[in-house]
Amino acid sequence: MIKLIAIGASTGGTDAIIEVVKGLPADCPPVVIVQHMPDMFTSIYAERLSKVCKMRVKEADDGDRLEKGMIVTARADRQLRVISDGDRFYLQVGTGEKVSGHCPSVDVLFQSVAKLGEKDTVGVLLTGMGKDGAQGLLEMKQAGCTTVAQDKESCVVYGMPRAAYELGAVDVQAPPEEIFILLSGLING
């Protein structure tokens, strides 16, 4: 059974994320999301997710403890990392330099998850321009995590998923509705 889902997206990602998470059960393992978007839109997007999801949704705050039934979205201009005290996952949110051209960066999130050493985690890289998330997804795969990327046919922009695929970082490529089915199967173990 999985303990954590990390999702990254950019151009076209707001709708793709909704397709992936809207049907997840209220007691789903925590979901942490980095979606590239400007300040003031991140809170609006969190509210939008909250209206369509069974899980509770909030913007990330430093020190947040991740719990079942929780979706946390990154704030604009803040790097987001998952850390662990051994038994529980927490968020580290702070200012930082752009990584892979972004703050928040999907690479930063995925690399932090890879460092946890938890094989029961899933990384999902969705539509977006550029290569943010590709290296982090590779590190997650090398750490034994399950790695998923959106397929070319369903992407608005097949940049980030393609970069991850070309690095050999992807276990499964699928459209968002099939990624939801895959996650549901992993949750139910």
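Biologist: Which residue in S2 is the bridge partner of Ala 9?

Modeller: The bridge partner of Ala 9 in S2 is Gln 35. This is a predicted model, in which local features need pLDDT of at least 70, side-chain atom pairs count only at pLDDT 80 or more, and totals for chains, interfaces and linings use all residues. Residues are numbered from 1 along each chain as its sequence is written, and side-chain values use heavy atoms, with hydrogens and water left out.

Biologist: Which strand holds Ala 9, and how many bridges join that strand, S1, to S2?

Modeller: Ala 9 lies in strand S1. S1 (residues 4-9) runs parallel to S2, and 5 bridges join them. Two strands pair if DSSP finds at least two bridges between them; helices (H or I, at least four residues) and strands (E, at least two) are DSSP runs, numbered from the N terminus.

Biologist: Is Ala 9 buried or exposed?

Modeller: Ala 9 is buried, because its relative accessible area is 0%. Buried means under 20% relative accessible area, exposed over 50%, and partly exposed in between, with a 1.4 Å probe and protein chains only.

Biologist: What does Ala 9 touch?

Modeller: Leaving aside residues up to four places away in sequence, Ala 9 touches Ile 17, Val 34, Gln 35, His 36, Val 106, Leu 126, Thr 127 and Met 160. A contact means heavy atoms within 4.5 Å.

Biologist: And S2, how many of its residues are buried?

Modeller: In S2, 5 of 5 residues are buried. Val 31, Ile 33 and Gln 35 point one way, Val 32 and Val 34 point the other way, and all are buried.

Biologist: In what sense do S5 and S6 pair?

Modeller: S5 (residues 79-84) and S6 (residues 89-94) pair in the antiparallel sense over 6 bridges. Val 82 has Leu 91 as its bridge partner in S6, and Leu 80 stands opposite Val 93. The hairpin has 4 residues between the strands, and in it Gly 86 takes a positive phi near 110°.

Biologist: Switching to Thr 147, where is it found, and is it buried or exposed?

Modeller: Thr 147 is found in strand S8 (residues 146-150) and counts as buried because its relative accessibility is 0%. Beyond residues up to four places away in sequence, Thr 147 touches Gly 123, Leu 137, Met 140, Lys 141, Ala 169, Val 170, Asp 171 and Val 172.

Biologist: Now the surface. Where is Met 40 found?

Modeller: Met 40 is found in the loop between strand S2 (31-35) and helix H2 (41-52). Met 40 counts as exposed because its relative accessibility is 60%.

Biologist: Which residues form a nonpolar patch with Met 40?

Modeller: Phe 41 and Ile 44 form a nonpolar surface patch with Met 40, with about 330 Å² of accessible area together. Such areas come from the Shrake-Rupley method with a 1.4 Å probe, and for residues only the protein chains shown count as cover. Patches are made of residues with over 30% relative accessible area and no salt bridge; like charges are joined within 9 Å and nonpolar side chains (Val, Leu, Ile, Met, Phe, Trp, Tyr) within 5 Å. A salt bridge is a side-chain nitrogen of Lys or Arg within 4 Å of a carboxyl oxygen of Asp or Glu.

Biologist: Finally, how many helices and strands are there?

Modeller: The protein chain has 6 helices and 9 strands. Buried residues make up 52% of its 189 residues.
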